[in-house]
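Welcome! Please open the structure in your viewer and keep the selection tool at hand. We will go from stop to stop, and at each one you will hear what to select and what is there.

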Amino acid sequence: MEYIPAKHILTRGTTPPWFGAEYNMNLYRGCCHGCIYCDSRSECYGIQDFDRVRAKENALELLRDDLRRKGKAGVVATGSMSDPYNPFEEELLLTRHGLELLAAYGFGAAVDTKSHRIVRDIDILREIKEQAPVLCKITITTWDDGLCAKLEPHVSLSSQRFGAIEELSRAGLYAGVLLTPVLPFLEDSRENILGIVKRAADSGAKFVYADFGVTLRQNQRDYYYTKLEELFPGEGLAERYRRRYGGRYYCAVPKAKELREEFEAACREQGLLTRMEEIVRGYRTGYDRQLSLFELE
């Protein structure tokens, strides 16, 4: 494992907050999942050799110091730029020990991952949940394991991720699906969208949050088109994108409005939340007062 220098691990979250998280932490840099659509590969993020995972030097010591300095506890998101459950985590345990520090200092956790490895840390997530909010967001963009293996070659298969949601839910943790992105011409069928909703409900998920499109910019667009031609030869997918979207940043799926309406109806029928504000309210209910107790004068 290569280590890179860092000054801080805990940073302020986005504005407005992404799923209600006040802070963000990335213990690793880069990601080896190989998802062909990943926006973090874009030039604007400045991550050289994105597909190679590196760990941050003294990450846990830095995180501990950052947590100590914070005058107010809050929810810490992880997984925005680098999956916290990459294969190296099995040996390095940075994510596990990072969660232990969140528990020790009274902070909540909002984990975003495509790996079933999250179930290893159910014990710590439950410990955090005793005093602060916990949200487990499992990204699943197709229910088809075969298509998953093409688009996301080094991640847990979709069926394994649904299994992780089932284990997390059975353990009393607030878990659900991030159905994002939805790739035009590949994942935007009724069968795929409704199949994910059904599997999510059967797995005990509390929510499915969807975005019916994909973002493409800078070098990531060229990378994505090259992969489409390599993985789906003769289907002309890259050319369909060029004709429909040109150099557009956001590429909404055809008939996005109709697809969302059908998705929303299916989720209502299954008792699944779909709006971010509802999901945030669901996993944070009863905790805001506890978090305020950690605010220093």
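Select Arg-284 to begin: this residue is buried, because its relative accessible area is 10%. Here, buried means under 20% relative accessible area, exposed means over 50%, and partly exposed is in between, worked out with a 1.4 Å probe and protein chains only. The model is predicted, so local features need pLDDT of at least 70, side-chain atom pairs count only at pLDDT 80 or more, and totals for chains, interfaces and linings use all residues. Residues are numbered from 1 along each chain as its sequence is written, and side-chain values use heavy atoms, with hydrogens and water left out.

Glu-22 and Arg-284 form a salt bridge, with their closest N and O atoms 3.0 Å apart. Glu-22 sits in the loop between β2 (10-12) and β3, and Arg-284 in helix α11 (residues 276-284), so this pair ties together parts 262 residues apart in sequence. Glu-22 counts as partly exposed, because its relative accessibility is 27%. A salt bridge means a side-chain nitrogen of Lys or Arg within 4 Å of a carboxyl oxygen of Asp or Glu. Helices (H or I, at least four residues) and strands (E, at least two) are DSSP runs, numbered from the N terminus.

How many salt bridges does this rule give? The count comes to 21.

- Select Arg-161 and Glu-152: their side chains meet in a salt bridge at 2.7 Å, N to O, and both residues are buried.
- Select Lys-227 and Glu-230: the closest N and O atoms of this salt bridge are 3.6 Å apart. Both residues lie in helix α8 (residues 218-231), three residues apart, about one turn of the helix. Lys-227 is partly exposed at 22% relative accessibility, while Glu-230 is exposed at 51%.
- Select Glu-89, Arg-96, Arg-120, Asp-121 and Asp-123: a network of salt bridges links them.

Keep Arg-96 in view and show helix α3 (residues 94-104). Is this helix mostly covered or mostly open? It is mostly covered, with eight of its eleven residues buried. Among the buried ones are Arg-96, Leu-99 and Leu-102. Just after α3, look for Gly-106, which takes a positive phi of about 80°.

Next, pick Asn-24 in strand β3 (residues 23-25). Asn-24 counts as buried, because its relative accessibility is 15%. Its side chain makes a polar contact with the side chain of Ser-80 at 3.4 Å. A polar contact is a pair of N or O atoms within 3.5 Å; within protein, one must be able to donate a hydrogen and the other to accept it, and residues adjacent in sequence count only if both atoms are side-chain atoms.

Then find Ile-118, in the loop between β7 (108-113) and α4 (122-129). Ile-118 is buried, with a relative accessible area of 0%.

Select Arg-244, found in helix α9 (residues 237-245) and partly exposed at 42% relative accessibility. Patches are made of residues with over 30% relative accessible area and no salt bridge; like charges are joined within 9 Å, and nonpolar side chains (Val, Leu, Ile, Met, Phe, Trp, Tyr) within 5 Å. Accessible areas come from the Shrake-Rupley method with a 1.4 Å probe; for residues, only the protein chains shown count as cover.

For the last stop, select Met-1, Tyr-3 and Phe-88, which make a nonpolar surface patch of about 290 Å².
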